[in-house]
Amino acid sequence: MSPHYLEIFVIGLALTLLMADAFFPAREKRVIAWIGASGLAIVFGLLFVVDPAALPPDTIAPYYSADPHALFFKGLALIATIFVLLLGCDFMPVLRRGINGADNDRKGGVAESFILPLFACAGMMWMASATDLIFLFLSLELVTISFYVLVASMRRQVGSLEAGVKYLLLGALSTGMLVYGITWVFGATGMTKMSQLAVAVPGMTDNIAALTFGSMLVLAALAFKVGLFPFHSWIPDVYQGAPTPVTAFLAVASKAAAVLVLARFLDPFLNNPEIAAKLIPVLGVISGATLLFGNLGALGQYNFKRLMAYSSIAHAGFLLLGILGRDFTLVSFYLGAYVCMTLAAFFAISIVRRSVGRDDLSAFNGLARRNPALAFTLVVSAASLAGVPLTAGFIGKFGVLMGAVNAGYWPLVAVAVPAAAVGFYYYFKIVRHMFWEKPDDLEPLPVGRLSTTALALLTAGTLVLGFYPRLLERAIQDAPIVPIPAATANTADTP
Amino acid sequence: MDQPPMEMYVAGMIALVFGAAFWPLLARRRADLAGWFSAAVPAGMFFWLLGQVPEAGQGVFASWSADWVPAMGVGIDFLLDGPGLLLSLLVTGIGALILIYGGCYLKGSPQAAPFFCFIHLFMLAMLGVACSDHFIVFFVFWELTSVASYLLIGLGHAQIEARKAALRALVVTGAGGLALLAGLILLGEASGTYRFSELQAQGGAIVEHAKFLPILVLVLLGTFTKSAQFPFHFWLPGAMAAPTPVSAYLHSATMVKAGVFLLAKLYPVFGQTEEWRTTLMIFGSLTMLLGSLLALAQTDLKRLLAYSTMSALGTLVLLLGLGTTLAVEAAMVFLVVHALYKAALFMAAGVVDKATGTRDITRLSGLGAPLPLLAVAAVLAAFSMSGLPPFIGFIGKELLYEAQVSASSYAMLITFAGFAASAVNVAVAFKVGVAPFRRRGEVPKINPKARQLSLLAGPMLLALAGTLAGLFPDLLGRNLLAAAVSDVVGEPVEVKLKLWHGFNMVLALSMVTVAVGWALYAKRERIRPLIVILLERFPARANEIFDAGLQRVLARSEKVTLAIQHGNLRGYIVMMLLSLAALLFVAVFSGGGLGEMEAGPLRMVPVGVGILIMAAAVAAVRSNGRLSAMLAFGVVGFGVAMLYALFGAPDLALTQVLVEALTLGLFAFVLRRMPLIRNHSSKRRRRVDFAVAAAAGAAVTLAMLAALGTKQPPPVSDEMVRMSVPDAYGRNIVNVILVDFRAMDTLGEICVLAIAALGVAGLLLGFGTHNRQADVAVATPIYRAAVSWIVPLLIFISVVILLRGHNEPGGGFIGGLLGAAGLVLWRLTRGESVRRPTWWSPLLIGGGLAAAVLSMVPSLLARAPFMQGQWFGEVWLPLAGKVKFGSTFIFDVGVFLVVVGVTQLVLARVLQSSEIDVSKSLGRRS
C-alpha cells in the first residue's frame, strides 16, 4: 500500500464524521471521539504496513516522501491525536460548559472539538512527508487554521477567546513571513523541492544574500511555531487560555511537526558554509535565549498550564540545540520522549481541573494522598521533563548536551547546563505540591478508566524509553533528514 | 586470570528494584517484619562481596557489561575495582542493618511505606555508583542518589524546615550533578574514552589538554556539592530533618562519600597536578575546620553528628589533596572507620530520641541503666571515633597524622588543622556516645519500645566490627584496603595496618589530642556559649545566603518574565516585528552590507503608485476612526494590485482587487457593529507603532536591496507557459496552474478555506439570536436602486469569468470572489431581518468540495497521474465560445462554489450574532 493513502484515510474519516454529525447528530458526542480515535489507531497500524516504494513516482513522489523520519513523525502525530481525543472525552464537561455556557441544552460545537484535531492530524502527517515547500506551506496552514479554531473553541470563556485572537494575529504574521521566505528561496534557486534544494544549495556561491534572507524569514516563521525566543510570545497566553486538550495538542504535536520541518528546511542551508556562517550564530543566540527565558520564566509560575507553556519553550531551546548539533535521530528521540511526558502531564491537569475546578499548582496540593497512582505518574512525568536519569527525558537532554560539546558550542553548553539545573527546581515544585502540601479536602480523586489506561501507557512509555532508548532509535535508523530520492533529484520542477 | 563474573551483584540490584516495589506493601502493616525480610538481599550481597575480597587483593576484579544506548556509545559496564568493592561493602553491610533498624524505627508511621520504597532505590543507586565504569552510567546512578535523597529527606514533610532542607539539598546536589555531567562529557571528549578504567590507565595525560581546567572545575563542583564541602556544606545539616535511619545511612555512611569516592577514582588522573592539590587542600581544610567549629556550638545529637560528618568529609578531601600514597592509604582507612562509628552513633542517637523524645544533650543523662546494651555500643563507637586504642579509630587517626605530618607542603599548618579537628572530634564523640549514658542524678523513664532488638542490633554490630577491626587490622588491610589503595594510587601497594607504631611523634600527637578533646568535653558548658557568640559574629550563614540568593533569582526572573510576557498583544506584535527586523539586519550586515546596485531606468508610474501606497499607510496610522484606517489600508491593497498590473500580472492584479474589495466589504459589516471606542490608541503609541513598522519595512527593503544582484534562474513560468496549451488546453496560465498543474495544492487550499469558514461560523454560533441585519443595512433609495441592477450584473459577470477562465483572465477563484462581492452588496440593502439560518452556504461549500473531489475521478478512471486534467472534447459554452471541456472545469466550478459559500456563511453568521462581551478583556499577566 502506498503511504499517501494514510492521510487520505484520515481526511476521509474527518469528513465522514463531520457529515455524520451534521446530519445525524449523536446525543453523546463521545462516540465521535471514539470513532475518531479508533480510526486513527487503525491508521497507526497501517504505518507498519505501508510500502514507501509504492508511491506513484510521477504524481505524488515529487511532493511527498515516506522516509523513516516522515513515518516516525506520522506515528507521533497519530499517537498524539489519539491521546488528545481521549483527553477531550475526559474533559468534555468543561468543554461543554465553555462552548455552550451555563445552559447545557445546546450541544453545538462540541463535536468539532473532536473532528478538527483529525484535520490537524492529517496536516501534520502531510507536514512530515512534504518535500515541496508549497505543499509544506499548505499542510502547515491546514494545521494552523484548525488550531486557530480549536484554541478559541471555548467561546464562553474570555481566556479562550483571548488566546484565539492572540494566536490568530501572531500566527498570521508568521505565516506571512513563511510565504515571503519561501518566495526568496524560490527566487534565488528556482526550486521548491527540498530534495533539489538539498543537492543544490550546499554548493551555491551566487545569490547568498537572497538565500540568507529566505532562510532567516522561514526561520522566524518556524521559530514562531516551535516557540523559540523571541517569537515565543504567544505560547504562555495561548497555552493557558486554550482548552486543556488543545493545549496538549499544541504543545506536543504542533511543536513536533514544526521541529521536523525546521530541521528539514535548515539542513541544506547549514550545509552551505557561507550561509551557515550567518545562520549558526543566529541559531545559537536564539537557542541560548530560549533556554534562559523558558527556564527562568517557569520559575515564578503558579499555574500548571502556564508552567507547561514555559517548559515547552525551554524544551524548544534544547531541541534547537539538538538541531544545531545535527543529530536528527536524537532530536526525534527527544520529541518522542517529550510527547510521552508532556501528554501525561496534561492528562493529570485535565483530571484535576475537572474535579477541583482549577489548574493552579495549588489544585494539586496533597494529590499524593488523594490519588497516589496519579501522583506517581505525575512524578515520573515531572522527573522526565526535568531530565532525571532513567527517564526518557534524560536521554534526550544528555544527547543534546553531548552533541553540543561534540560540535564545540561551548557558550551554549554553559547556558544549557544551568538551564537544566533550574528545571529541577520548578519541575520538582509540582512534586512538592503533591506530596507536601495539605489538600483542601481529602476526598479520593477519581480517575476514569480511559484516563487510567492512557496515563499508564504514557508513563510506561516515559520509563521504557528511559531504560531502553534503543526502542525509538530503531524506528528512525539514522536516515538523512532530507530524503533525496535518486530518481527525482535531477528532474525539473514540473508536475 | 579471567575476570570473575558479577552476575550475583547485578541480580542483587534487580532484586532491590523489585524490593522497592514490594516491601512498601508489607511495610504499610508490619514495617518491622519488612525490615528483617528485606535485609536479606543486601546482607546476601554483602557476604558475596566479602568473598570477592581475596581476589580483589590480587588485583582481579569482577565485571559485567551490557549495551544501553549504543548510538551514543553508552554501555552499562560494571567493574568492581578496589574502591568500588569497598563502597559496595559499606552500602550493603550498613544498608542491611539500616533496613532492620528503619523498619522498627518507623513501625506504624505513615512514612514507613515510602521509606522502604525510596531506601531500596537509593541502595540500588549507590551500588550503581560504586561499580559503574562508564561515565554516563555512573552519572545516572549519581543523580538517582540525589533524587532518592530528596525524597527521603522530604519524608518528614510536616515541618516546614524539612521541606526547605530537602529543597536545598536537591538544588545544590542537582546543580552540582549537572556540572559533573558537563565535566564528564568534556572529560570523555578530551580523553577519548568514557570509561574510568581506561582513563585511569592513561594516567595524567589529560592534564596537558586545553580543556583541563574547565574539566577539573566542573568535576570538583560535582564532588564538592555531593560531599558537602565548603561553601556547599549547608545542605548537610539541614538534611538531618530526615528520619534518623535516613540520616544514618545517607548522610554519614554512604551518599556523602560518593563525592570522595569519585575524587578517589579520578586521583590517578589529576592527583599530581598543582591545581588539584591546592584546591582540595584548601577546601578540605576549610570544611574540616568549619565543621568542627560549628559542631562545638550544637546541642542536638543529630546536628552534632552532622557537623562532625562534615568535618570528616573535609578531612577525606584534604587527604586526597595531599598527593602521597600514605595520604591515600589514610583516606581509605578513614573512610571505613568513619562509616563504622558514625552510622553506629547515628543509630544510637535515634534510639535515644525514641526512648526519651529529645535529642538535646543538655537534657540527656543516665540512659546507661535502662539501655545497657545501647550504652555499650555507643561507648565503643565513641571510643573508636575519638581514636582511642585498641579501636580501628585509633589506627585511622595514627595514619591521618602520619600523612599530615609528612605532607609535602604546609605540613605544619595541615597537621595543626588536623589536630584541631581531631580534638573536637573527641569532644563530639564523648558528647554523643558517653554523656547521655552517664548517670547524673535520677534514672530517667524511657519509652520501652526503644529496647527492641531490631533497634539495637545495628549499633551493636557496627561497634563490634569497629572493635574487631581494631584488634585485627590485617583483616581489613591486607586485601580490601590494599586493593582500594592500589587502584587509587595506580600501583600495587601493600597496606599493613597495626595498632602499635612505637613511641613517636604521631603517638604523642594522638595522646595530646585525646587530652585536649577531653578538656573540650569537660568544659563543654562554658565553651558552647563562647562558640555561639563567635558564630553570631559571622555576617551571614551559608543557608541564609543560599535562601536569599534563591529568592532573589526567583524575584528577578519573575520581573524579567513579566516585562517580556506582559500579555499585551500589541507588544507581542512589536516584539516579533523588531526581532524579524533584527534578523534581517544581521543577515545584511554580516554579509558585507549592500552590494553594487544596477540602476535600471526609472519608471514614473510605479514610483507614483509607490508614493500613493506609502501615503495611504501613513494615513492609516494617523486616522482616528476604524473605518478610515481600514479604507486607507484598502488603498494600500489596491496600490499593490496596480503594481501587479504594471509589472505584467493582470490575473494576479484582478484577484488582488477582488480580495481587497471583498475584505473591505466584510470589514465594513463588522466594524459598523463594533462598539465605538474612542482613543483606542494614544499619540505616543502610534508614534511607536510607526517607528516599529518603519524599522520592519526598512529591514525588508534593505534585504531586497542587498539581494538585488540575485541571478534569476530560468523562471518556472516559462516551462508552464510552454506546457499550458498543449497539456491543459488553456491560455490563462494562472488558472491552468491552479486547476491542473497544481490542482492538488488548490484542493488543499479550498479545504483550508472551508475549515476557516466552519471555524468562524462555530465561533459566532448562538451568540444570542438578535438579528443585526437591520442595524447595518444601508438603505438609502439611491443605493437600493443601484444595487438592484448592479448585483445581477455582477453575478452574471462572475459566471462569465468562471466559464472563460481557462483561456482569458478569470477562473473559478476570481469568479467566486466577484459573485460573493455581489451577494455582499445585495445583503447590505436588505433591511428586514432574515432569521432563518442560511442553509444554502454550507451546501455551496460542501457541493464545491464535492465537485473538486469529483473532478479527480476521471484521472483515476483513466489511470492517469492523480488529478491530471482529462479532456472530454470540445463543447460550446455560452459567452465563452467553443472550449475544450474537461475535468479541470469541474474543479474550477468547485472552487467557485466554495469561495461563494464561504463568504456567505461568514457573512450570515456575523449578521446573526449579537454582541460579544469584550469589555471583560483580560489584563496584564505574567
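A: I280(A) is partly exposed, because its relative accessible area is 27%, where buried means under 20%, exposed over 50% and partly exposed in between, computed with a 1.4 Å probe on protein chains only. This is a predicted model, in which local features need pLDDT of at least 70 and side-chain atom pairs count only at pLDDT 80 or more, while totals for chains, interfaces and linings use all residues. Residues are numbered from 1 along each chain as its sequence is written, chains are lettered from A and ligands numbered from 1 in the order in which they are written, and side-chain values use heavy atoms, with hydrogens and water left out.

I280(A) sits in helix α12 of chain A, which covers residues 273-299; helices (H or I, at least four residues) and strands (E, at least two) are DSSP runs, numbered from the N terminus. When residues up to four places away in sequence are not counted, I280(A) touches L270(A), L324(A) and Y409(A), contact meaning heavy atoms within 4.5 Å. From I280(A) to F269(A) there are 11 residues in sequence and 10.0 Å in space, C-alpha to C-alpha.

Elsewhere in chain A, S174(A) belongs to helix α7 and counts as buried, because its relative accessibility is 0%. Apart from residues up to four places away in sequence, S174(A) touches A221(A), F224(A) and K225(A), and also M576(B).

Helix α7 (residues 158-189) of chain A also has helix α6 (residues 133-151) of chain A beside it: their axes come within 9 Å and cross at roughly 170°, the axes being lines fitted to C-alpha atoms, for helices over the stretch in contact, with angles running from 0 to 180 degrees between N-to-C directions. That angle makes α6(A) roughly antiparallel to α7(A), since angles under 35 degrees count as roughly parallel, over 145 as roughly antiparallel, 65 to 115 as roughly perpendicular and the rest as oblique. Among the residues that meet are F137(A), F147(A) and Y148(A) on the side of α6(A), and Y167(A), L168(A) and I182(A) on the side of α7(A). By class, this contact of α6(A) with α7(A) has 14 nonpolar, five polar and one charged residues; Ala, Val, Leu, Ile, Met, Phe, Trp, Tyr, Cys and Pro count as nonpolar, Asp, Glu, Lys and Arg as charged, and the others, Gly among them, as polar.

The loops of chain A have details of their own. In the loop between α9 (208-226) and α10 (234-241) lies P230(A), which is joined to F229(A) by a cis peptide bond with omega about 0°. In the loop between α16 (372-386) and α17 (392-407) lies L390(A), whose phi is near 70°, a positive value in a residue other than glycine. L390(A) counts as buried because its relative accessibility is 17%.

Chain B has loop details as well. The peptide bond from F230(B) to P231(B) is cis, with omega near 0°, and P231(B) is found in the loop between α9 (212-226) and α10 (235-238) of chain B. A228(B) has its place in the loop between α9 and α10 of chain B; its phi is positive, about 55°, although A228(B) is not a glycine, and it counts as buried because its relative accessibility is 0%.

For chain B as a whole, the secondary structure comes to 37 helices and four strands, and 56% of its 926 residues count as buried. The chain is divided into domain 1 (298-522), domain 2 (530-561) and domain 3 (731-926), with bounds from an automatic or database domain assignment. The centres of domain 1 and domain 2 of chain B, taken over C-alpha atoms, are separated by 33 Å.

The largest nonpolar core has 449 residues, of which Y9(B) and F270(B) touch the most other members; such a core is a set of buried Ala, Val, Leu, Ile, Met, Phe, Trp, Tyr and Cys residues joined through side-chain atoms within 4.5 Å. Helix α15 (residues 325-356) of chain B gives this core its largest share, 23 residues. Leaving aside neighbours within four places in sequence, F270(B) is in contact with L187(B), I206(B), F212(B), I215(B), L216(B) and W276(B).
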